[in-house]
Amino acid sequence: MCGELVCALKKSSNLSSRSLSPTTSPHLTTSTMSKTAFMPSVSVTTQTHTAQADNGPYYAVRVGHKPGIYTSYNAALHAAENYPCSQPKKFDTRAKAEDYMEESFTCAPEHWTSVLLIDDETDAYTWLAYTDGACENNGGHRPKGGIGVYFGELHPCNYSGPLVGDVQTNQRAELSAILKALEIIDNRGENLNWQIRSDSQYAVNCCSQWLEGWKKNGFKTGKGKEVENQDLILAIDEYLQKPRTRIGTRITFKHIPGHAGENEEVDALAKQGITESVWKP
């Protein structure tokens with residue numbers, strides 16, 4: 001559970017880990033609460049997928065592969081596929097559906113939370129996203145991978161889906177999970193500090209320690225060989241190079257130990273993703 005997860009996080013430097021629900025303020029001083037006691041708003045562009053008279057029903061998908069308003073329940077459910085906590089909401093008029101799409105996520109159900117770090121000296125917030133990749137029969141016969149992204153307990157942006165592509169390896173699953181996290185963060189359109197946490201030292205190094213050097217030497221290893229998984233690494237870099245006011249004020253990466261209490265939820269999402277279907281528009 002999210003509360004157990006937050007309690008398991010270690011205090012590092014001047015940062016402490018806490019969990020926020022949209023309607024319940026954390027145990028902070030009054031001055032801190034007045035600044036950011038609630039979840040920031042999220043802007044989602046409404047898309048019209050089927051034109052018809054305003055006779056409903058309409059299904060609003062605020063988080064999913066293709067956010068928007070649908071007139072078909074099956075189409076709306078499909079757009080939210082692989083997002084286990086994001087369900088289309090039904091309205092009898094388009095106007096109500098559009099109002100829902102424009103609402104802040106503070107209007108979301110009371111029971112979902114986000115995980116964040118708070119600098120005790122500056123009150124600066126860093127929001128956390130956990131990623132994980134899994135691959136059955138990695139390196140063996142007919143491998144099959146899955147990916148997971150975890151923002152908090154019952155969070156609508158949590159993701160569990162299959163590893164896409166002909167090459168199915170654990171390393172590609174780990175990188176694909178980070179790529180999906182960046183995609184979701186970008187779609188949310190918030191100007192926030194984010195830290196992506198993964199138990200894959202390889203994936204974290206690809207996105208931070210090694211990336212700039214590879215870009216300078218044409219993606220060659222120290223032995224002159226082509227760097228593997230370039231397609232995913234380059235796709236990740238595209239998000240990291242976006243204007244900071246779009247993708248986030250700052251994106252950092254941190255390696256965490258696997259199966260040590262901090263990433264159990266995202267590990268379960270990644271394993272579940274192995275059995276999920278590939279989303280097709």
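Visitor: At what angle do helix α5 and helix α8 pack, and how far apart are their axes?

Guide: Two packed helices are described by the angle between their axes and the distance between the axes. In this predicted model, local features need pLDDT of at least 70, side-chain atom pairs count only at pLDDT 80 or more, and totals for chains, interfaces and linings use all residues. Residues are numbered from 1 along each chain as its sequence is written, and side-chain values use heavy atoms, without hydrogens and water. Helix α5 (residues 170-188) packs against helix α8 (residues 230-240) at about 25 degrees, the axes being 10 Å apart. Axes are lines fitted to C-alpha atoms, for helices over the stretch in contact, and angles run from 0 to 180 degrees between N-to-C directions. Helices (H or I, at least four residues) and strands (E, at least two) are DSSP runs, numbered from the N terminus.

Visitor: Are α5 and α8 roughly parallel or roughly antiparallel?

Guide: Angles under 35 degrees count as roughly parallel, over 145 as roughly antiparallel, 65 to 115 as roughly perpendicular and the rest as oblique. α5 and α8 are therefore roughly parallel.

Visitor: Which residues make the contact?

Guide: Contact means heavy atoms within 4.5 Å. On α5 they include Leu175, Ile178, Leu182 and Asp186, and on α8 they include Asp231, Ile233, Ile236 and Tyr239.

Visitor: Which residues have the most contacts inside the largest nonpolar core?

Guide: In soluble globular proteins, nonpolar side chains tend to be buried together. A nonpolar core is a set of buried Ala, Val, Leu, Ile, Met, Phe, Trp, Tyr and Cys residues joined through side-chain atoms within 4.5 Å. Buried means under 20% relative accessible area, exposed over 50%, and partly exposed in between (1.4 Å probe, protein chains only). Here the largest core has 41 residues, and those with the most contacts inside it are Phe151, Leu175, Ile178, Trp194, Ile196 and Ile233. α5 gives the most to this core, with nine residues. Beyond its neighbours within four places in sequence, Ile233 is in contact with residues including Leu175, Trp214 and Phe219.

Visitor: Where is Asn229, and what is its phi?

Guide: Most residues other than glycine have a negative phi. Asn229, in the loop between α7 (211-216) and α8, has a positive phi near 60 degrees. Asn229 counts as buried, because its relative accessibility is 12%. Asp123 also has a positive phi, of about 65 degrees, although it is not a glycine. Asp123 lies in the loop between β5 (114-119) and β6 (125-136), and counts as partly exposed because its relative accessibility is 24%.
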